[in-house]
Amino acid sequence: MKPSILIVEDEEKIARVLEIELEYEDYEVSKAMSGTEGLEAFQNGDFDLVLLDIMLPGLSGIEVLRRIRSHDEHIPVILLTAKGSVEDKVSGLDLGATDYVTKPFQIEELLARIRAALRLHSKVQKSSMTGTEEPNQNQEVWLSAGDLKINEKTREVLRAEDGIELTPREFDLLVYLLRNQRQVLNREQILEAVWGYDYMGDTNVVDVYIRYLRKKIDHGRSPLIHTVRGVGYVLRTET
Ligand code: CA
């Protein structure tokens with residue numbers, strides 16, 4: 001669909017030139033010759049951008065802008081300002097104008113600003129549609145071996161779809177075993193990975209926690225945690 005632009009400009013010649021140029025660039029164009037007419041057109045139409053002259057009879061461009069913004073915070077509005085009217089530019093930008101172009105302007109410059117404003121606007125719309133969420137945030141992160149599944153984000157643990165409660169340390173130990181499944185891990189490796197380098201305890205703590213885990217994970221089911229005598233432990237499905 002063509003982007004549609006509303007031109008609010010009382011100088012007929014300028015409005016006509018803008019209309020021809022914008023139609024040539026494949027925009028849908030509507031014209032209004034006064035502030036009141038412009039506001040009415042805006043309220044009854046569905047525009048993607050407004051080109052708004054500031055010096056207008058009746059309702060000034062600044063007033064039109066203020067009223068547009070009270071209805072629509074996002075639609076791009078580019079002000080057409082007279083050379084040197086710094087005050088108008090400042091109050092226009094304060095009121096939420098997207099950009100301004102000083103008369104007399106080069107049509108190429110105006111077209112570039114229109115394209116930039118429309119691009120920015122479509123980005124804003126897209127990001128407000130998807131919210132601020134990362135695209136992968138809801139992607140589920142499950143580790144599994146056989147019918148054992150654990151979700152690292154939600155810390156859910158399932159064995160054959162039965163939920164299992166683990167303490168934080170048991171959970172960390174199970175994650176480590178699962179991440180390294182089918183590899184035989186010695187007690188020092190496990191201790192270092194799960195309890196940290198500085199842990200001063202005895203490697204027996206590993207045996208104790210493996211026992212806890214087995215009770216919760218493997219009890220009454222086909223075992224996943226296996227002892228490799230003289231070496232350590234391995235998590236694997238029986239084949
Ligand atoms: Ca004017």
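Modeller: A160 is found in the loop between strand 8 and strand 9 (162-163). Helices (H or I, at least four residues) and strands (E, at least two) are DSSP runs, numbered from the N terminus. This is a predicted model, in which local features need pLDDT of at least 70 and side-chain atom pairs count only at pLDDT 80 or more, while totals for chains, interfaces and linings use all residues. Residues are numbered from 1 along each chain as its sequence is written, and side-chain values use heavy atoms, with hydrogens and water left out.

The phi of A160 is near 50°, a positive value in a residue other than glycine. A160 is partly exposed at 41% relative accessibility (buried is under 20% relative accessible area, exposed over 50%, partly exposed in between, with a 1.4 Å probe and protein chains only).

R155 lies in the loop between strand 7 (148-151) and strand 8 (156-159). R155 is not a glycine, yet has a positive phi of about 60°, and with a relative accessible area of 42% R155 is partly exposed.

P104, in the loop between strand 5 (99-102) and helix 5 (107-130), is joined to K103 by a cis peptide bond, with omega near -10°.

D10 lies in the loop between strand 1 (4-8) and helix 1 (12-24), and M55 in the loop between strand 3 (49-53) and helix 3 (61-71), so the pair ties together parts that are 45 residues apart in sequence. D10 is partly exposed at 29%, whereas M55 is exposed at 58%.
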